[in-house]
Structure formats: structure tokens, C-alpha cells
Amino acid sequence: MPISQADERINEEQYAALSPGRARAAPDRTGGAAQPAAPAGPILNHFNGDRFFNPYAPQRKTLQDVQRWRQTRHKEPWPEHIDDPVFPPPGRVADDRISATFIGHSTFLVQLGGICVLTDPIWSKRCSPVFFAGPRRARRPGQRLNALPGVDLLLVTHNHYDHMDLPTLRRVRARWAPQVATGLRNAHHLAKADIRTAVELDWWESTDLAGARVTYVPAQHFSSRGLYDRNKCLWGGFVVEAGGAVVYFAGDSGYSPHFAEIGRRFPRIDLALLPIGAYEPRWFMRQQHVNPEEAVRAHLDLGARRSLGMHFGTFQLTDEAIDAPVMALREARLRAGLSQDDFDVLAFGETREYVAA
């Protein structure tokens with residue numbers, strides 16, 4: 001349930017103390033400052049003065065919930081390694097085209113308006129705070145990092161290790177030094193990867209970076225990198241507008257009314273990148289991760305011209321089988337009367353181009 005109307009509006013005094021690197025005070029490429037997107041509905045409070053929270057799912061998981069999951073889970077076996085077909089590396093596309101190259105998990109190279117945008121990049125073998133333990137790749141990245149045609153803009157949705165991989169971020173920074181956008185309180189993590197000019201955004205705030213308009217939008221998820229920092233940093237997704245094209249990158253999210261609100265504020269979304277994996281068991285994962293059926297509902301809520309699935313088949317984070325998300329997406333798409341062109345998945349390393357208009 002959403003919080004009460006009396007608590008919906010943000011407390012600006014609380015936010016003023018969040019971070020000296022807030023986007024509101026950070027100049028953008030053109031010398032301006034980040035501005036909130038034009039309101040088209042209530043701005044739900046998502047910060048209590050100390051930690052962020054989900055307006056439509058404010059209850060946190062308890063230690064008992066975690067223990068119950070560990071004691072009762074049925075983890076489907078994954079193959080140790082999958083060899084995927086090799087695809088040619090992507091080249092730069094024309095300014096009036098959109099292209100998406102699927103690297104794996106939530107990592108895409110997206111091109112629109114003549115710029116290259118890299119999302120939540122991870123080329124590491126594990127998504128973990130240590131190199132010797134934690135979830136390990138079941139398949140190699142779909143493209144080599146050095147094979148990319150460039151990175152002008154880097155998007156980091158939140159601070160989980162499968163989305164904010166510092167070893168990869170160091171490589172991206174050293175090779176291209178792109179402009180970077182992230183959520184509130186995440187910049188100090190990125191500084192450990194020598195990224196010291198990241199623009200922090202609150203939900204619905206926008207800024208101009210690398211020739212694109214970038215808006216940070218809500219997601220229903222959580223954040224943590226250690227034992228004591230849960231929800232100290234903000235999580236979200238991004239809408240990128242460039243060259244007349246609009247791309248939405250959802251990051252991680254459970255299903256909630258925020259998808260419809262994004263669709264209302266951005267009535268034209270040419271391409272949506274939506275998670276479809278890491279969703280079982282539902283009683284435990286429902287608030288934080290959509291399943292394929294809910295991803296189809298999100299696609300419809302957004303009114304997107306087309307969507308591509310992500311966050312599957314790379315790291316075994318939850319209990320479903322490695323091929324379950326793609327199979328379930330096919331079934332959910334059929335039930336919703338959608339075509340494969342409406343909501344599809346790319347092969348690992350595949351690039352697909354679309355007309356922007």
C-alpha cells in the first residue's frame with residue numbers, strides 16, 4: 001500500500017543534507033544544473049531522513065524471512081558454463097537509429113542520437129565483494145569490453161554488486177572517461193573506481209550529459225554493499241532522450257504503479273529494457289524483482305513501442321532454472337496478445353537496430 005497523502009511530498013530539508021555531490025548542485029555538461037522532471041502526479045516520499053524506502057512496499061525483509069528462504073529453497077541446477085555463438089562487435093550507428101547490444105545480465109550498449117550508452121556494466125567473473133566467492137558467470141560476456149565502439153555515457157542504477165562492479169567500472173573509466181549518472185549517495189562508491197565526477201540524481205530529476213537528457217526514475221528495489229548500509233543509497237532506473245529517441249532502462253525492480261507513472265511522464269518510449277529474471281520464490285522475491293508475466297504488464301503500463309528482456313541467464317542469484325525466464329516470457333507474451341517484436345530477448349552478444357521515429 002502507498003504511504004499516506006500527508007507524507008507524499010518530499011522533505012527538502014532532509015534532502016539538502018543527503019550528499020554534497022547531489023545533482024541539484026552539480027553542473028552538467030552545458031553549465032546548467034539538474035532539474036526535476038515536470039510533475040505529472042504525486043511525488044511520493046521515499047526517504048525517512050536516514051534511509052530510502054519503497055513507497056508501495058515499505059516493509060523490509062526480516063532476518064526470519066531470509067532464514068526461511070535458505071531453509072526451504074529449491075534451487076534449480078544451472079550448467080557450469082554455456083558457450084554462446086560469437087557475434088560481430090557493434091559499430092557506430094546513424095544518428096536516426098537506435099541499437100542495443102546485449103552483453104549479459106543488465107549490461108547493454110545502447111546507441112541513440114549518435115551517442116553510446118553503457119548500462120550497469122559487469123565483465124567480471126563474479127558479482128561479489130571478493131574475487132574468490134559469490135555468484136559466478138555461467139556464460140562469458142557477449143562482447144569484449146575493448147570491442148565496443150565507444151562509451152559516451154555510463155549509467156549506474158544502484159549499488160548491488162551485479163550492477164555496480166568496480167573492477168569493470170575502472171576499466172571503462174580508464175578507456176573512455178565517459179560522463180556518469182547514478183542515484184543519490186552512490187558517488188562515493190564510484191569514486192573507488194576513480195569515477196569522481198558522477199552526477200547524483202533523485203527520482204524524477206533530469207540533467208544533460210554527453211548530448212542526452214537523462215532522467216532518474218523510480219524503481220521498487222533496495223540497496224546495500226555491506227552488512228550495515230542497507231537502503232542508505234538510492235536505487236532507480238533511467239530514461240535517456242537523444243536525437244528524438246527515448247530509451248528506458250529499468251535496472252532492478254519489483255512490479256508497482258511506478259511503471260505506469262513513467263509511461264505517463266514519457267508518453268513515447270521507443271525501447272524499454274526490462275528485467276525478466278531472478279524472481280523465485282515469489283513470496284520472497286516479489287517486492288524486488290518482477291517475473292516475466294509482471295515484466296509484460298510493465299511493458300503495457302509503459303506503453304513502450306518495444307521491449308527487450310535482461311537480468312537473466314548470467315549469474316544464478318535466485319532459484320529458477322537458467323532458461324525459465326525466456327520460456328516464461330514467451331508464454332506471458334502470448335497470453336497478453338503481444339508479438340515477439342513487441343517484447344523479445346537478444347542472444348548474448350547480439351546487436352539489434354531499430355528506426356528511431
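I begin with the terms for helices and strands: helices (H or I, at least four residues) and strands (E, at least two) are DSSP runs, numbered from the N terminus. This is a predicted model, in which local features need pLDDT of at least 70 and side-chain atom pairs count only at pLDDT 80 or more, while totals for chains, interfaces and linings use all residues. Residues are numbered from 1 along each chain as its sequence is written, and side-chain values use heavy atoms, with hydrogens and water left out.

**Overall counts**

I looked up the secondary structure and found eight helices and 15 strands. For burial I used the relative accessible area, where buried means under 20%, exposed over 50% and partly exposed in between (1.4 Å probe, protein chains only). On that basis 57% of the 357 residues of the protein count as buried. With contact defined as heavy atoms within 4.5 Å, I noted that 72% of the contacts between residues at least 6 apart in sequence join residues at least 24 apart.

**The largest pocket**

I took a pocket, on a 1 Å grid over the protein atoms alone, to be an open set of points where a 1.4 Å probe fits, with protein on both sides within 12 Å along at least five of seven lines; lining residues have an atom within 4 Å of a point. Grid points are joined across faces, edges and corners, and a volume is the space filled by probe spheres set on the points. The largest pocket holds about 1300 Å³ of space. Its lining has 33 residues, of which Trp 69, His 160, Phe 222, Ser 224 and Arg 230 are the closest to the centre. Which helices each supply at least two residues of this lining? They are helix H2 (63-72) and helix H6 (282-285), and H2 gives the most, with four residues.

**The open sheet and S4**

I counted two strands as paired if DSSP finds at least two bridges between them. Seven strands form an open sheet in the order S7-S6-S5-S4-S3-S2-S15, with mixed pairing. Strand S7 (199-201) and strand S15 (351-355) are the edge strands, each pairing on one side only.

I then followed S4 through its partners. Strand S3 (residues 107-112) runs antiparallel to strand S4 (residues 115-119), and four bridges join them; the two form a hairpin with two residues between them, where Gly 113 in the turn has a positive phi of about 55°. Leu 109 stands opposite Leu 118, and Val 110 stands opposite Val 117. Towards S5, S4 runs parallel over three bridges, and here Leu 118 stands opposite Leu 154. Five of the five residues of S4 are buried, so this strand is largely enclosed by the rest of the structure. Ile 115, Val 117 and Thr 119 lie on one side, and Cys 116 and Leu 118 on the other.

**Arg 137 and Glu 80**

Arg 137 lies in the loop between S4 and strand S5 (153-155), and I noted that Arg 137 is buried, with a relative accessible area of 9%. Not counting residues up to four places away in sequence, Arg 137 touches Glu 80, Ile 122, Trp 123, Ser 124, Lys 125, Thr 314 and Phe 315. For polar contacts I required a pair of N or O atoms within 3.5 Å, where within protein one must be able to donate a hydrogen and the other to accept it, and residues adjacent in sequence count only if both atoms are side-chain atoms. The side chain of Arg 137 reaches the backbone oxygen of Ile 122 at 2.5 Å and that of Arg 139 at 3.4 Å.

Glu 80 sits in the loop between H2 and strand S2 (97-104), and at 76% relative accessibility Glu 80 counts as exposed. Leaving aside neighbours within four places in sequence, Glu 80 is in contact with Arg 137 and Ala 138. I also noted that Glu 80 and Arg 139 are 59 residues apart in sequence and 8.5 Å apart in space, C-alpha to C-alpha.

**Strand S13**

Finally I checked strand S13 (residues 307-310), where Ser 307 and Gly 309 on one side and Leu 308 and Met 310 on the other are all buried. Strand S12 (residues 271-275) pairs with S13 in the parallel sense over four bridges, and Leu 308 is the bridge partner of Leu 273. Strand S14 (residues 343-344) also pairs with S13 in the parallel sense, over two bridges, and Ser 307 stands opposite Phe 343.
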